[in-house]
Structures are given as structure tokens and as C-alpha cells.
Amino acid sequence: EFRLGSIWDRSYAKPLGYPGDFEIMNQVYSWQRCGTDTYSMLLHRLGLEVAECIKTRMELVRVHISATIANKNAEHPARILSLGSGPAREVELVLSNPRGFSGRASFTFIDQESAALQYAVEKVYPHILRSSGRAQLQCLNMSFTEILRGVNALENLPPQDLIYSLGLIDYLVDRRASALARRLYETLAPGGLLIIGNMNDTPLSNLWPMECIADWTLHYRNEEEMLAWAKAFKPAAAWTETDSTERVRLLFVRKH
């Protein structure tokens with residue numbers, strides 16, 4: 001019944017082999033109107049409401065991208081890494097706003113889906129070209145399994161001023177989530193900021209619609225569980241925030 005709505009159908013069918021692919025993210029980012037009749041459009045709209053936190057978490061990170069660029073000195077560009085970048089709409093928005101992009105930045109997108117990286121490049125690269133050399137972009141097409149196994153992609157990167165991952169860690173069991181958080185933290189430059197998003201463990205979470213309707217299994221976590229990852233790092237600071245829907249919790253870790 002719910003698959004008559006476009007976003008439910010794609011989430012359940014998983015044409016790229018996994019739920020939450022970049023096309024679903026684009027539907028939410030653009031608040032796309034999909035459907036052949038009133039009923040299918042209504043079901044799709046219900047799905048957009050459930051998935052609104054995809055957009056609100058992106059908007060939170062966009063603010064930190066702009067702040068990182070603005071606060072960076074002239075030694076080198078602000079180095080910013082997105083793990084599980086998807087369509088990278090947040091970077092597109094930063095670069096397309098002259099007031100939001102007044103410095104220099106070097107972006108690295110890592111994603112296991114080549115089509116997502118291709119889409120991101122098509123949207124972001126025109127702004128890179130118009131930046132007169134102030135912005136750079138590289139893309140790494142790697143499976144998340146390779147990253148979890150310690151393939152050298154992260155080690156070969158220079159220390160990053162901002163690293164964020166919004167749609168990956170909530171697929172991982174706690175042991176792997178903690179290990180990946182540590183690897184990302186170790187890739188930060190001194191004073192750098194790590195942001196990790198995870199679906200929030202709350203009575204109003206997305207557990208019921210995502211798990212029961214779309215067969216979309218995630219790990220829902222609370223503040224205590226996420227802060228536990230950072231305790232082993234002994235960072236300068238660690239805290240969590242929620243997006244405006246309170247369905248996503250973000251862990252912030254600042255390196256000494």
C-alpha cells in the first residue's frame with residue numbers, strides 16, 4: 001500500500017542495493033512532488049515528512065562548512081572531507097552563495113556509489129570553476145567496507161579541518177562505529193572538527209516507518225552512546241546536538 005508513494009517504493013526496492021541512496025536524498029532536499037494521482041502524491045508527501053531530518057541535518061552541517069572556511073587562515077585552504085557524501089548538496093549551497101564562500105577550500109568526497117559522486121561533481125564543479133582557484137575538489141570512489149578494513153585512503157589525505165559523515169555510522173554496530181569515529185578523528189588537523197550524524201533514539205524517531213514499512217534497518221543511539229565514542233580520544237571538546245526535528249543526533253568532537 002505505501003509503495004504507491006515514490007519515496008517509500010524506492011526505499012523498499014533499494015535499486016542501488018541499499019536504502020537511503022542519493023536519489024532519495026535528492027527527493028527530500030528538493031521536496032519533489034511525485035505521483036500519478038492524488039493518493040500516490042499524498043503517500044509520497046508523508047514519506048517526505050518522515051525523511052525531513054535528512055534535509056535539516058544537512059543544513060546544520062552547511063553552517064559549519066561556511067564557518068570552517070571563514071575562520072581558516074591563509075596558510076592553506078580549509079580542508080573538508082565528507083564521508084558518504086551522496087549528492088553533497090550542502091557543498092553546492094555553500095559554493096553557490098558568495099557570502100557563504102569568501103575564503104579558500106579543498107573538498108574531498110568519499111562515497112561507495114559512483115553515480116552519487118558523478119551527480120555531486122555535476123552540481124558542484126561549475127561553482128568550483130567560477131571560484132577562480134579558491135575551491136578545489138577531489139572524489140574517491142571507495143566501498144565503506146574498504147574504509148572499515150583500514151585501506152589507506154584516509155592516511156593518504158592531509159590533515160582535515162572539518163570531517164563529517166551523516167548517513168553511514170547508523171548502519172554500523174557499536175564496535176565498528178567507534179572504530180570508524182576514531183579513524184576519522186585521527187585524520188583531523190589540530191583544532192579540527194569532526195561531525196557524525198546518527199538517527200536519534202527518541203519516542204518520535206523514524207524507527208517505525210523506516211523499519212516496518214521500508215525494511216530500512218538502522219541503529220538508533222542516544223547522547224550517552226555517541227559521547228562514549230569520543231571519550232577514548234581525549235579531545236578538546238565533545239558534545240551532541242539534535243536537528244530541528246529531533247530525529248537526528250549529531251556528535252561534535254574538537255581536536256586539541
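A residue is buried when its relative accessible area is under 20%, exposed when that area is over 50%, and partly exposed in between (1.4 Å probe, protein chains only). By this rule Leu-250, at 0% relative accessibility, counts as buried. The structure is a predicted model, in which local features need pLDDT of at least 70 and side-chain atom pairs count only at pLDDT 80 or more, while totals for chains, interfaces and linings use all residues. Residues are numbered from 1 along each chain as its sequence is written, and side-chain values use heavy atoms, leaving out hydrogens and water. Helices (H or I, at least four residues) and strands (E, at least two) are DSSP runs, numbered from the N terminus.

**Leu-250 and its surroundings**

- Leu-250 lies in strand E7, which spans residues 248–254.
- Contact means heavy atoms within 4.5 Å; leaving aside residues up to four places away in sequence, Leu-250 touches residues including Leu-60, Val-61, Leu-166, Ile-195, Met-226 and Trp-239.
- Asn-200 is 50 residues from Leu-250 along the chain, and their C-alpha atoms are separated by 8.6 Å.

**Helix H1**

- Ile-7, Trp-8 and Ser-11 are buried in helix H1 (residues 6–13).
- These residues are on the same side of H1 because they cover an arc of only 100 degrees around the axis, the arc being that of the directions from the helix axis to the C-beta atoms.
- An α-helix has 3.6 residues a turn, so residues three or four places apart point the same way.
- The cover over the buried residues of H1 includes helix H2 (22–29), helix H3 (38–50) and helix H9 (207–213).

**Helix pairs**

- Two packed helices are described by the angle between their axes and the distance between the axes.
- Axes are lines fitted to C-alpha atoms, for helices over the stretch in contact, and angles run from 0 to 180 degrees between N-to-C directions.
- Angles under 35 degrees count as roughly parallel, over 145 as roughly antiparallel, 65 to 115 as roughly perpendicular and the rest as oblique.
- H2 packs against helix H4 (residues 52–71) at an angle of about 80 degrees, with the axes 8 Å apart, and the two are therefore roughly perpendicular to each other.
- Met-25, Val-28 and Tyr-29 of H2 make this contact with Glu-52, Ile-54, Lys-55, Arg-57 and Met-58 of H4.
- The axes of helix H5 (residues 89–96) and helix H6 (residues 114–130) come within 9 Å and cross at roughly 15 degrees, so H5 and H6 are roughly parallel to each other.
- In H5, Arg-89, Val-91, Glu-92, Leu-95 and Ser-96 meet Tyr-119, Lys-123, Val-124, His-127 and Ile-128 of H6.

**Positive phi angles**

- Most residues other than glycine have a negative phi, and most peptide bonds are trans.
- Ala-88 has a positive phi near 55 degrees; Ala-88 is in the loop between strand E1 (78–83) and H5, and is buried at a relative accessible area of 1%.

**An exposed loop residue**

- Arg-99 is in the loop between H5 and strand E2 (105–111), where Arg-99 is exposed with a relative accessible area of 79%.
- Ser-66 is 33 residues from Arg-99 in sequence and 9.2 Å from Arg-99 in space, C-alpha to C-alpha.
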